[in-house]
Amino acid sequence: MIGEILNTAFITGLIGAAMRMATPIIFATLGEIINERAGILNLGIEGIMLMGAMTGFLVSITTGLLWIGVLAAALVGMILSLLMAFLTVYLGLSQHVSGLGITLFSTGLAMFIYRIHFGSPLVPPIVEPFTQVTIPLLSKIPVIGPSLFDQYALTYIAVLLIPIISIILYKTHIGLKIRTVGENPLAADNVGVNVYLTRTLCLVTGGALIGIGGSFLTLDHQNMFLIDVIGGRGWVSIAMVIFGNWDPLKGALGAFIFGFLDGLQLRLQGLGIKVPFDIFLMIPYLMTIIALVGVSRKAAVPACLLKPYRREEKGV
Amino acid sequence: MVTVTANQPVVEMQSITKQFLDVVANRNINFNLFPKEICALLGENGAGKTTLMNILFGYYTCDKGEIFIKGKKAELSSPRDAICRGVGMIHQHFTLVPSQSVLENIIIGTEMRKSGFLDLKAAKDKLLHLQERFGLHIDPEARIWTLAIGEQQRVEILKALYRDVEILIMDEPTAVLAPSEISDLFRTLKSLVQEGKSIVFITHKLKEVIAIADRIVVLRRGEVVAERRTGDTNLRELANLMVGRDVLERISRKKIPPGEPVLEIHNLAVSNDKGLEAVKDIKLVVRKNEILGIAGVSGNGQRELAETLFGIREPQKGTIKINGITLHSGSPVSAIKLGMARIPEDRIETGLMMDLSVEENLILETHVSPDFHKRGLLNFNKIHQFSNELIEGYGIMTSGRDAVTRSLSGGNLQKVILARELSGKPTLIVASQPTRGLDVGAMEYIHQRILQEKERGAAIILISEDLDEIFILSDRIVVMYEGQIMGDVQLEEASREQIGLWISGVKK
């Protein structure tokens, strides 16, 4: 049995699966990091992912064009985030309540639209999903070649987004604005940065990524839409943001570890090891709690996360 | 292009009116600022100084009135509009991001970039050049949280200069500074004026006004009541103008010989939040009918000492005895039971529950008392009576005992704390910075109350940065410096020079 686990094919397959499992979480984690760095906790994430998954699936099946489906998922993520921005940035309502509201609303809406369009068929409709893109030469590297360079296009994009978002956040004036708006919106306002606009744009951009993350689940990972397709991956992403200390690189690493455990769990089940799925689902949360206990004193929570910004309030 | 001549104002604010809900913060104010001058905007808390300047900075929009900057009418709807016109403002509470570097804090929003990336090198060069020119030195790479308050203020000034500000508004810039930092700041302001800047200096401290301003505009209850050249006025006149009555403190104090010891502190050592030793082996005794003033610049262990006495911080070693009974360390309940009244340094953070009513705050420490209960439930008849008496007795200005505490002004917040703490006839009062940030009227009231308590028989520790306050109230003065007691002297034998030396760490 150890031999079965330690052979090359198993490891190749496992790393490949980890990358696939991690993809939607990387998208959602990066999106959520952009939101939270600007000071908004987007608990609508789970619902936005579900709407992304449903919209991507529906549009792809209708148009026959998978990329249009992905774009539609991004768009629906942006629209729902715009609603979030209206509630939390402009009206200054509780981010917890608004976010959970959007998740509940989106969950209902996704099922509603799906039912209207497809009714309740005995066999769920399926879409012809994306196929893996094999990168020449690199995929010939032993062990890691086939696992890392024979992936879906969205997986490559997710990986590329990690350094891109890091650079934007730390090396550009846009990133400086985003970080300042999350840390001290008054400071940003005082130097002429539009706090409301910055927060809104961050929500919308993050929402697009979260929506795309959802669509991966119905257009790559699976080829059908089920109401529980997200399966808590939005919440996992929130945990990964904390695990990664609001840093894109560390957050993505957390997502990869989650993907790895997820992939391992599936494979171990395949080998006939009787461990309930739930045990593995607990692992990322346990991991986050353990990591938080370790880093809690140094946790770089954006100082004004959850705090609405109001200009004409007495006592400034 | 309008040229600015020496007698033409750089800022003209005409008939400015601003109302918040039912409070008129500014009523028909005319204010001018002339080139190369330091103009002090003097007034009590709530006089409308900050509001007026927030309007000039575009942070608030005025309900009525017009603003001209350098001769041109200015529509200011956000700070960005003001910055474009050369107006910068440094708020009383700095607007810096602690986790970011000095450079990042300064350049944000200035769009210094090279093909989309932040051009940190060019920005740093510009900053270093400014530092050289104005003599404001600070490491551009340092994180804000590692800097002292005075240094953070320098960052704020550099932030304004980096934006080529010509008109600089400073809101209570000395409130948080140590005396040596204040003289540095004044030197900086003078050099800024020499370089052609114009400065508005918001304050309620009369001596500073005389020391730094060329011209003084006095606000009271949202209106301009007077304007003076510094040479043509004096402290007493300014005080009268500011509060509308004669208040330079002439408090009468009775000489009462101190009685038996009430508080005895033995070999007390306390660590601060970072685990470093903040209070080092302190011995102190305070007697009945005695006010012990603890002078010194904040950050020399006073806060940790007060918190230990309050029972909210555990000492490393040592004992605290009140009337001979040992204070159970780290237990606020023990402190209350032993008859200690606690007036904390930060009234908003630790003194009050801002979102509860005035009444609820008044019974915060005594709500468990059987007096306030009937058959296991709170006896509101008694509680209402109790809080009405206190509100009246202490002259707390509020719409009623049900008003949310947040709606009170600073002086009234402190009165709520005072009323709560003194209602139990404490044997020991520990007051930490009891008048910080309060206006002259409220300050005087609190001083009188503290003296009354002494006459009643309480032993009092007064921790204050304000030397005037220390000298007005104390019977005996000690100075804390780096966690140690520098000296211990009776009021009659104390000289300001001596205390001043102790405060700056010079022994002998």
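This is a predicted model: local features need pLDDT of at least 70, side-chain atom pairs count only at pLDDT 80 or more; totals for chains, interfaces and linings use all residues.
Buried area is the accessible area (1.4 Å probe) that two parts lose on being put together, summed over both. Residues are numbered from 1 along each chain as its sequence is written, chains are lettered from A and ligands numbered from 1 in the order in which they are written, and side-chain values use heavy atoms, with hydrogens and water left out.

The interface between chain B and chain A was examined. About 2500 Å² is buried between chain B and chain A, and carbon and sulfur atoms give 56% of this area. Tyr59(B), Ile108(B) and Leu118(B) supply 26% of what chain B buries against chain A, more than any other three residues. In terms of contacts (heavy atoms within 4.5 Å), 32 residues of chain B meet 25 residues of chain A. Salt bridges were assigned where a side-chain nitrogen of Lys or Arg lies within 4 Å of a carboxyl oxygen of Asp or Glu. One is counted between chain B and chain A. Arg179(A) pairs with Glu104(B) in a salt bridge, with the closest N and O atoms 2.9 Å apart. Over all chains the count comes to 35 salt bridges.

Chain B is divided into domain 1 (11–243) and domain 2 (261–346 + 424–503). These bounds come from an automatic or database domain assignment. The C-alpha centres of the two domains of chain B lie 34 Å apart. Eight residues of domain 1 of chain B contact seven residues of domain 2 of chain B. The area buried between these domains is about 610 Å², with 53% given by carbon and sulfur atoms. One salt bridge is found across this domain interface. Lys207(B) and Asp468(B) form a salt bridge, their closest N and O atoms being 3.3 Å apart.

Helices (H or I, at least four residues) and strands (E, at least two) are DSSP runs, numbered from the N terminus. Within helix α6 (residues 179–194) of chain B, Asp184(B) and Arg187(B) are three residues apart, about one turn of the helix. They form a salt bridge, the closest N and O atoms being 3.2 Å apart. Glu260(B) lies in the loop between α8 (235–243) and β13 (261–271) of chain B. Not counting residues up to four places away in sequence, Glu260(B) touches Arg287(B) and Lys288(B).

In chain A, helix α3 (residues 45–63) packs with helix α4 (residues 66–90). Their axes come within 7 Å and cross at roughly 145°. Axes are lines fitted to C-alpha atoms, for helices over the stretch in contact, and angles run from 0 to 180 degrees between N-to-C directions.
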